[in-house]
Amino acid sequence: MESSRKVIELFYDVVSPYSWLGFEVMCRYRNVWNIDLKLRPAFLGGIMQGSGNKPPGLVPNKFLYMTTDLHRLAQYFQVPISPPADPFEAMFEKGSLSAMRFVAAVQEREVGGDKQVEQVSRELWLRIWSQDKDITQPASLSEAAMKAGLSASEVEELLKLSTSKEIKDKLKRSTQEALDHRAFGFPLAVCHVNGKAEVFFGSDRFELIAHCIGEKWMGPQPAAAKL
């Protein structure tokens with residue numbers, strides 16, 4: 001029954017490789033678990049500023065660990081993560097504000113689901129965290145969106161919309177909602193169970209999420225596990 005489906009909101013930013021892992025796993029499970037997955041694009045820079053947190057890339061030992069960790073996680077989760085040549089430039093100098101505004105614009109215009117949001121987000125992650133390509137320039141956003149199946153005219157409209165006050169405010173609201181859930185980083189999964197919000201940070205809490213919603217964790221590839 002539709003009414004029994006548990007809602008899970010997933011707050012994410014494409015600048016975060018750990019968000020990519022959480023995103024792909026939750027997308028794999030959205031038709032396995034009895035859930036209604038709500039994708040919530042937000043701005044990680046705003047989370048860091050609002051929570052007073054410091055990105056792991058700015059702590060030398062964490063940065064070194066992250067490089068090794070992402071290699072292992074990419075293999076385990078079967079997500080093609082390959083860090084950019086200059087992660088500091090990609091994550092902190094260029095950032096993702098324009099990219100996340102663009103994703104927010106896609107979400108604002110999409111009707112009947114979130115397939116475009118999912119596909120555009122994935123293409124942006126592929127650019128920054130697999131192909132070492134830019135995600136800040138309009139041409140980069142256009143290329144990602146067209147690979148995701150959007151038309152040239154749709155992309156042109158979305159690029160204009162992404163710079164509007166409407167979309168800037170939409171992204172701010174989403175980021176503030178994550179902060180209201182006491183976010184300090186992404187990915188952030190908010191499970192709504194029996195009228196209560198249960199919050200899980202990171203891409204290593206899937207067993208706990210499953211336990212929380214009364215489902216079974218079958219590993220990073222549930223489709224393969226069921227064969």
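**Entry 1: the annotated site.** I looked up Ser16 first, where UniProt places the feature "active site" in an unreviewed entry; such annotations may be inferred rather than shown by experiment. I am working on a predicted model, in which local features need pLDDT of at least 70, side-chain atom pairs count only at pLDDT 80 or more, and totals for chains, interfaces and linings use all residues. Residues are numbered from 1 along each chain as its sequence is written, and side-chain values use heavy atoms, with hydrogens and water left out.

I found serine 16 in the loop between strand E1 (6-12) and helix H1 (17-29). Helices (H or I, at least four residues) and strands (E, at least two) are DSSP runs, numbered from the N terminus. Serine 16 has a relative accessible area of 6% and is buried. Buried means under 20%, exposed over 50%, and partly exposed in between (1.4 Å probe, protein chains only).

**Entry 2: salt bridges.** I noted 18 salt bridges in the structure; each is a side-chain nitrogen of Lys or Arg within 4 Å of a carboxyl oxygen of Asp or Glu. One of them joins glutamate 24 to arginine 122, with the closest N and O atoms 2.7 Å apart. This pair links distant parts of the chain, helix H1 and helix H6 (residues 115-129), 98 residues apart. Glutamate 24 is buried at 9%, while arginine 122 is partly exposed at 21%.

I then checked lysine 160 and glutamate 156, whose salt bridge spans 4.0 Å, N to O. Both lie in helix H8, four residues apart, about one turn of the helix. Lysine 160 is exposed at 57%, and glutamate 156 is partly exposed at 46%.
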